[in-house]
Amino acid sequence: MTDIYGILGFPVGHSRSPAMHNSAFHALGIDAMYVPFAVPPERLPAAIASIRPLNLRGLNVTLPHKTNVIPLLDRVEPDALAIGAVNTLFFEGDKLVGMNTDAPGLTRSLLEAGLRLQGARVTVVGAGGAARASVVGLARAGATRISITARRTPEAEKLVAELAAAAAPAVLRVETWERAAHRRCMSETDLLIQATSATLDDGPAAAALAEALPLDALPDSAAVVDLVYKPRVTSVLKLAKDLQKQTVDGLGMLLYQGAIAFEKWTGQPAPIKVMQAALDAS
Ligand code: NDP
C-alpha cells in the first residue's frame with residue numbers, strides 16, 4: 001500500500017516540499033506520496049489526532065503551526081524544544097515525535113558549500129524563528145561565538161536569554177542595532193547569517209536592510225548567507241557578491257531540512273541531486 005507523508009500548513013499551496021519529496025520517493029522506487037494539507041490553526045489538534053487513524057507515516061509542519069504543534073506531541077527532541085519550533089514529525093515505535101531539521105539543514109548546507117563552521121565567529125541578523133534555528137544549529141556545528149542583532153534589541157536579548165544554555169559552549173551575545181556597533185561586529189565576523197524576512201521578494205525593506213548592514217567591514221574571508229530563497233540572490237547577497245564575499249542562498253537550507261526529514265522517515269540516504277533539481281524546477 002502506498003505510504004502517505006505530507007506537510008501541515010496554512011496556507012500551504014506555495015510549498016515546494018511536495019515536489020522535492022515526491023521526486024525523491026520516485027527516484028528511489030519507494031511506494032509513497034507526499035501531500036500538502038491546508039490546516040487552519042483551530043484544526044491543528046484534530047489534524048494531529050488523525051495522523052494515527054489515517055496511518056500517515058511522517059509529516060512536515062510549517063507556518064503557522066511550528067510552535068503550536070509542540071504540546072500535541074508525545075515527545076519533542078531537545079533542540080526543537082530549545083528553538084521552540086518543530087518542523088518534522090516521525091514515529092518512534094508508537095510515539096509521535098517532533099524534531100527541528102531547519103537547524104541541521106542550515107549547517108549541512110553551509111558545510112556542503114565548503115564553509116568552516118568549527119571555531120567560526122557568527123553574526124545572525126534577526127531574532128525570529130529562523131534566527132533561533134540558526135543559533136542552535138551553528139552552536140552544534142562548533143561556532144564559538146554568535147552575535148545576534150535585531151531591529152528590536154529586546155527581541156535579541158530574549159533570544160540570547162532563552163538559547164544561551166542550549167548553545168553552550170558557544171557564547172551568545174547581543175549587538176545593538178546601530179551603525180558603529182554593526183561595523184565593529186562585522187569586523188570580527190567569519191559568517192554573517194541574514195535571518196530576517198526583510199529581503200523576501202526584494203521589496204523596499206530589502207534595499208534598506210542591505211544599506212543598513214556595513215558588509216564592507218567584514219574580513220575578506222567572511223561568507224554571507226541569506227536564509228530567504230525568494231529571490232535566490234537577495235539584495236544582501238548582491239551586495240556581498242559585489243564585495244567579493246562568498247555567498248550562500250537559502251535554498252540549500254530548504255533542501256537539507258527536507259533531506260534530513262526524508263532520511264529520518266525512510267532510513268535511506270536522500271537523493272540530494274534529484275531533490276535539488278525538483279526544488280530548482282518548482
Ligand atoms: P519571523 O517572522 O519569525 O522573524 C522575522 C524576523 O525578521 C524578525 O526578527 C523581524 O523583526 C525581522 N524583520 C522583519 N522585517 C525586518 C526589517 N525590515 N528590518 C529588520 N528586521 C526585520 O520569520 P522567520 O524567522 O520564520 O523567517 C525569516 C525568513 O527566513 C523568512 O522570510 C523565510 O523566508 C526565511 N526562512 C528560510 C528557511 C529556509 O529553509 N531557507 C527556513 C525558515 C525561514 P521584528 O520582530 O522587529 O518584526
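Helices (DSSP runs of H or I, at least four residues) and strands (DSSP runs of E, at least two residues) are numbered from the N terminus. Keep in mind that you're looking at a predicted model, where local features need pLDDT of at least 70 and side-chain atom pairs count only at pLDDT 80 or more, while totals for chains, interfaces and linings use all residues. Residues are numbered from 1 along each chain as its sequence is written, and side-chain values use heavy atoms, with hydrogens and water left out.

Let's start with the whole thing. The protein chain has 11 helices and 12 strands. Its C-alpha trace spans about 60 × 35 × 35 Å along the principal axes. For 282 residues, a compact globule would have a radius of gyration near 19 Å, and the protein chain agrees because its value is 19 Å. That radius is taken over C-alpha atoms, and the globule rule is 2.2 Å times the number of residues to the power 0.38.

Leu-63 and Pro-64 are joined by a cis peptide bond, with omega about 5°. You'll find Pro-64 in the loop between strand E3 (58-61) and strand E4 (75-76). Another cis peptide bond links Ala-168 to Pro-169, with omega about 10°, and Pro-169 sits in the loop between helix H6 (153-167) and strand E9 (171-174). Next, look at the loop between strand E10 (191-194) and helix H8 (204-212), where Asp-201 lies. Asp-201 isn't a glycine, yet its phi is positive, near 60°. Asp-202 is also in the loop between E10 and H8, and its phi is positive too, about 55°.

Finally, let's visit the ligand. Around it are 18 residues, and the closest are Ala-130, Arg-151, Arg-152, Leu-227 and Gly-250; a residue counts as near if one of its heavy atoms lies within 4 Å. Helix H5 (129-140) and helix H10 (251-266) each supply at least two residues of this shell. By class, the shell has 10 nonpolar, six polar and two charged residues.

A polar backbone atom of Leu-227 is 2.9 Å from a nitrogen atom of the ligand. Ser-197 has a backbone N or O atom 3.3 Å from a ligand oxygen atom, and Leu-254 has a backbone N or O atom 3.3 Å from an oxygen atom of the ligand. Taken alone, the ligand exposes 920 Å², and the protein buries 74% of that (areas by the Shrake-Rupley method with a 1.4 Å probe).

Terms used:
A polar contact is a pair of N or O atoms within 3.5 Å; within protein, one must be able to donate a hydrogen and the other to accept it, and residues adjacent in sequence count only if both atoms are side-chain atoms. Ala, Val, Leu, Ile, Met, Phe, Trp, Tyr, Cys and Pro count as nonpolar, Asp, Glu, Lys and Arg as charged, and the others, Gly among them, as polar.
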